[in-house]
Amino acid sequence: MQEIPTSKLDWGVALRYAVMVAIPLLGMAVTVHVGKDLTAPPVLEGRWKIEREPALPPSVCEEQLAWLQSGEFVLMQQGQSLTAMPEGRPDLALEGKVTGSELRFFSPLPSSGLSIHGRLSKIDGVARLDARIEHAGEAPCSALSFRARHNPGPEGSGRRGSS
Amino acid sequence: MPDLQLLLIQVAFIVIVTKTAGLLVRAIGQPPVVGELAAGILLGPSVFGALAPQLSSTLFPPHSLAFLQTLSQVGLLLFMFMVGLEFQPRRIRRYGHVLFLASHFSMALVFFLCSAVSLFLYPKLSDNRVTYVEFSLFLGVALGVSAFPVLARIIRERGLGKSELGALSIGCAAVDDVTAWFLLASILSLVRSMHSSAPIWWTLAGLALFVIIVLLVIRPLLALILTDKRWKGPYSEIFISLVFVLLLCCAGVTEWLGIHLVFGAFLFGVAVPRKHGISEDLEAKLRPVTEVLLLPILYAVIGLRTSFGLLQNSEMWLYCALLFAVAVAGKAGGVATAARLSGVPLRESAGFGILMNTRGLMELVIAKIGLDVGIINAAVFSMLVLVALVTTGLTSPLLMMVYPRRQFAGEAAEKQGKISTIAANA
């Protein structure tokens with residue numbers, strides 16, 4: 001049976017330590033340098049106030065209408081992944097993604113064909129969403145355009161709370 | 001004001017569930033902490049909240065969680081103090097060259113791997129309140145840590161306490177602990193400085209001054225007090241009170257510095273003199289209330305904030321698998337490689353790597369700090385909880401494969417004889 005050598009301070013040990021620890025740290029320094037300008041998605045979580053045209057086209061589906069009539073939706077964010085839900089209607093929750101300034105949401109329920117596709121912009125420091133809500137159900141439903149204004153709330157504007 | 005009746009019911013329910021789970025997993029050869037952590041998750045939205053949403057919201061209404069969170073912080077403070085108390089510099093001396101290399105190489109490797117995968121994960125799992133550097137450094141410290149208390153328990157339960165493998169692992173975990181908490185303190189300083197008007201040198205200078213005061217003023221002062229035998233006798237309660245007041249002060253100072261109270265509690269635990277069995281006395285007094293009452297609350301608070309529902313698609317599970325791979329390759333692979341290159345036999349190197357891959361509560365503590373401070377979101381937190389749970393759960397079965405019980409019992413006895421001979425000759 002081999003034995004584990006006990007500690008003796010010599011140059012070989014010190015050199016091995018320096019080289020073995022320095023190599024990954026150097027790799028990390030290079031990687032951090034490469035990635036330091038990477039950007040992550042903007043902060044979208046919080047409440048979004050819906051602003052829409054008062055006139056509705058004749059063929060609007062019930063789910064579309066319920067979504068817009070709620071007047072406000074809550075957006076939850078985990079990095080790129082988003083969940084949007086009209087106030088008090090978890091049955092109408094949509095899952096989506098943000099890519100650059102583009103947002104896409106789809107219903108996780110196979111029975112629902114609800115989807116939202118929108119583009120983000122910023123006016124006076126406030127995020128705005130110009131979007132269309134569609135329904136790919138059996139009935140012919142017209143796509144509806146709407147706008148939403150971000151209200152991040154006390155937590156959304158800074159860091160996610162504090163310790 | 002807290003609803004006291006509800007709080008008492010919550011605590012009783014949490015203790016019953018976590019301790020029962022601990023006992024159950026013990027029966028299948030796992031350390032109880034695996035069951036207790038899993039019980040915390042069972043109490044959260046992933047299981048209890050999904051199966052019985054009405055009951056879950058009655059038992060854990062959102063407004064009541066703040067009180068549980070406060071109690072869990074007290075538990076965390078006492079737990080970190082005990083981790084500091086368990087730090088024994090003499091454990092490091094014999095195999096110092098292997099321990100420092102294994103600990104620091106594996107940590108550096110985890111940091112490198114985390115910075116590399118963060119190039120891919122950061123744009124997908126974070127948002128623009130956090131920078132790439134903060135995100136990757138934080139993942140590095142969360143995945144690079146080893147769970148000293150769980151490790152000590154696994155080693156004790158498997159009868160490895162007197163083996164060289166046990167000595168190596170306990171020593172390395174001690175080096176890991178000190179390194180990881182200093183790194184975390186530095187990263188939190190960096191994060192705070194990026195988002196506040198106070199420059200980083202202010203926090204770092206404060207940290208350095210605090211460390212100097214604790215180690216060079218408070219520690220010798222406590223040692224001086226302990227030379228008077230009366231402190232062991234009639235005045236022991238006064239001494240214990242003094243220790244607690246100092247513990248709270250240290251935790252308060254590091255919280256004020258913006259580097260979290262756990263660091264102050266840990267450092268003060270390290271600084272308590274190992275004289276007249278005072279650290280054992282303190283541990284014996286604190287352990288029951290911390291382990292039986294307060295840590296289960298921490299597990300529940302962590303579980304209540306863990307939602308596997310956030311890992312809603314295969315993509316998220318892939319990211320989780322990537323973090324798991326980085327954690328295992330960096331820690332277990334790094335430790336085993338460093339040990340082998342330092343002359344440790346192959347089987348011991350593999351066993352050493354497996355043991356050091358135990359993350360347990362330490363990773364969860366760091367992940368919770370990250371979530372509180374806002375470096376990670378709930379999805380990444382849930383991934384880290386899963387990685388902690390799986391790596392801790394894997395330790396015993398993997399160790400059994402590499403180091404069957406029959407084999408290590410024989411080797412431990414043989415090596416104990418050799419160690420005794422070496423010690424006698426030294």
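## Burial and fold of chain A

In this predicted model, buried residues, meaning those under 20% relative accessible area with a 1.4 Å probe and protein chains only, make up 39% of the 163 residues in chain A. Chain A holds 3 helices and 8 strands, taken as DSSP runs (H or I, at least four residues, for helices; E, at least two, for strands) and numbered from the N terminus, and the order of these elements from that end is α-β-α-β-β-β-β-β-β-β-α.

## The interface with chain B

Contact, defined as heavy atoms within 4.5 Å, links 43 residues of chain A with 64 residues of chain B. The area buried between the two chains, which is the accessible area (1.4 Å probe) that both lose on being put together, summed over both, is about 4,600 Å², with 59% coming from carbon and sulfur atoms.

The interface of chain A and chain B has 2 salt bridges, each a side-chain nitrogen of Lys or Arg within 4 Å of a carboxyl oxygen of Asp or Glu; one of them joins Glu45(A) to Arg129(B), whose closest N and O atoms are 3.1 Å apart. On the side of chain A that touches chain B, H1(A) gives the most, with 12 residues.

## Confidence and conventions

The model scores ipTM 0.81 and pTM 0.84.

Residues are numbered from 1 along each chain as its sequence is written, and chains are lettered from A in the order in which they are written. Local features need pLDDT of at least 70 and side-chain atom pairs count only at pLDDT 80 or more, while totals for chains, interfaces and linings use all residues, and side-chain values use heavy atoms, with hydrogens and water left out.

Note on methods: Buried < 20%, exposed > 50% of the residue type's maximum accessible area, 1.4 Å probe, protein only.
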